[in-house]
Amino acid sequence: MSTPRVAVSIALSSLLSAALFVSISAFAANHTVVIDGVIFTPATLTVKTGDTVTWVNKDPFPHTATAQDNSFDSREIATNKRWKYTARNAGSFPYMCTLHPTMKGTLIVSR
Amino acid sequence: MGRSGLVVAGVFMLAASAVSAQTGGPTDPQIAAIVVAANQVDINAGKLAESKSGNKEVKAFAERMVTDHTGVNKQATALVTKLKVKPEENDTSKSLKSGGDDTLKRLKALKGAEFDKAYVDNEVTYHQTVLDAVDKTLIPNAKNEELKSLLVKVRPAFVAHLEHAKHLQASLAK
């Protein structure tokens with residue numbers, strides 16, 4: 001191929017991948033789990049791979065969102081602070097607050 | 001129930017009836033003082049257990065009590081400051097404090113597994129008693145809606161603490 005054609009091919013494929021990247025990100029949704037009254041609401045949340053989940057702590061003391069299989073761990077989320085997680089792997093992920101063992105939730109990630 | 005548990009329960013019942021006989025229930029300033037005293041008693045016991053206990057689970061529980069009750073007190077104090085409500089010491093708040101001091105004295109004389117058991121047993125009784133007071137006396141009598149909302153909002157924390165304490169109590173008994 002001649003140089004200008006190579007340049008055009010490269011430019012076109014860059015444009016295509018950029019467009020693809022933008023379209024995938026555009027479909028990714030943001031979800032919120034509220035921590036209030038020592039519970040996760042919603043207790044069960046279903047999202048798609050690539051979505052983000054934000055835990056927001058509205059209690060006057062810290063909590064965590066820690067997966068049973070340790071695939072995610074917010075560490076301590078202070079009062080009025082939040083923690084954002086991008087769900088990359090599909091599956092069902094039971095989680096809990098390590099500071100308050102009665103607090104349990106499930107994150108379900110589907111393709 | 002345990003001696004100090006009976007004392008705490010008795011304190012709440014006597015004081016609540018004494019207050020109701022006069023006024024029909026604690027006022028908001030009195031409720032504020034009761035809430036702060038109730039939290040402070042558990043913070044004090046928690047600090048003692050954090051320093052005294054050699055048991056990892058007991059220490060973690062105690063640390064949780066200190067952190068959570070301090071957080072609740074901070075929120076309660078911020079609210080009453082905003083509402084310009086000045087906490088008013090009363091028979092209930094005073095008895096909670098003296099009961100708390102008696103418990104600390106009793107616990108300080110113990111050590112090791114004996115201390116752990118006594119601390120956790122007391123935490124079970126104490127949280128149950130405070131929960132009953134929140135449900136039967138504090139929430140029903142709170143006049144200000146924000147104060148009432150705060151009591152309703154922190155109630156689940158006491159329930160979670162009670163559950164945690166009961167699990168700990170069961171595991172210590174093994």
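Let's start with a pair. Which residue of chain A forms a salt bridge with Lys153(B) whose closest N and O atoms are 3.8 Å apart? It is Asp59(A). By salt bridge I mean a side-chain nitrogen of Lys or Arg within 4 Å of a carboxyl oxygen of Asp or Glu. Lys153(B) sits in helix α6 of chain B, and Asp59(A) sits in the loop between β4 (52-57) and β5 (66-67) of chain A, so the pair joins two chains. Helices (H or I, at least four residues) and strands (E, at least two) are DSSP runs, numbered from the N terminus.

Housekeeping. This is a predicted model: local features need pLDDT of at least 70, side-chain atom pairs count only at pLDDT 80 or more, and totals for chains, interfaces and linings use all residues. Residues count from 1 along each chain as its sequence is written, chains are lettered from A and ligands numbered from 1 in the order written, and side-chain values use heavy atoms, with hydrogens and water left out.

Back to Lys153(B). Its side chain also meets that of Asp36(A) in a salt bridge, at 2.6 Å, N to O. Across the interface of chains A and B, the rule finds two salt bridges.

Now the interface itself. Here 12 residues of chain A are in contact with 12 residues of chain B, contact being heavy atoms within 4.5 Å. The buried area is about 990 Å², and carbon and sulfur atoms give 65% of that. Buried area is the accessible area (1.4 Å probe) that two parts lose on being put together, summed over both. On chain A, Pro60(A), Phe61(A) and Thr102(A) supply 44% of what that chain buries against chain B, more than any other three residues.

There are also three residue pairs in polar contact across the interface, both residues at pLDDT 80 or more. A polar contact is a pair of N or O atoms within 3.5 Å; within protein, one must be able to donate a hydrogen and the other to accept it, and residues adjacent in sequence count only if both atoms are side-chain atoms. The chain A side that touches chain B has six nonpolar, three polar and three charged residues. Ala, Val, Leu, Ile, Met, Phe, Trp, Tyr, Cys and Pro count as nonpolar, Asp, Glu, Lys and Arg as charged, and the others, Gly among them, as polar.

Next, the backbone. Most residues other than glycine have a negative phi, and most peptide bonds are trans. The bond from Thr41(A) to Pro42(A) is cis, with omega near 0°. Pro42(A) is in the loop between β2 (39-41) and β3 (44-48) of chain A. Asn80(A) has a positive phi, near 65°. Asn80(A) lies in the loop between β5 and β6 (82-86) of chain A.
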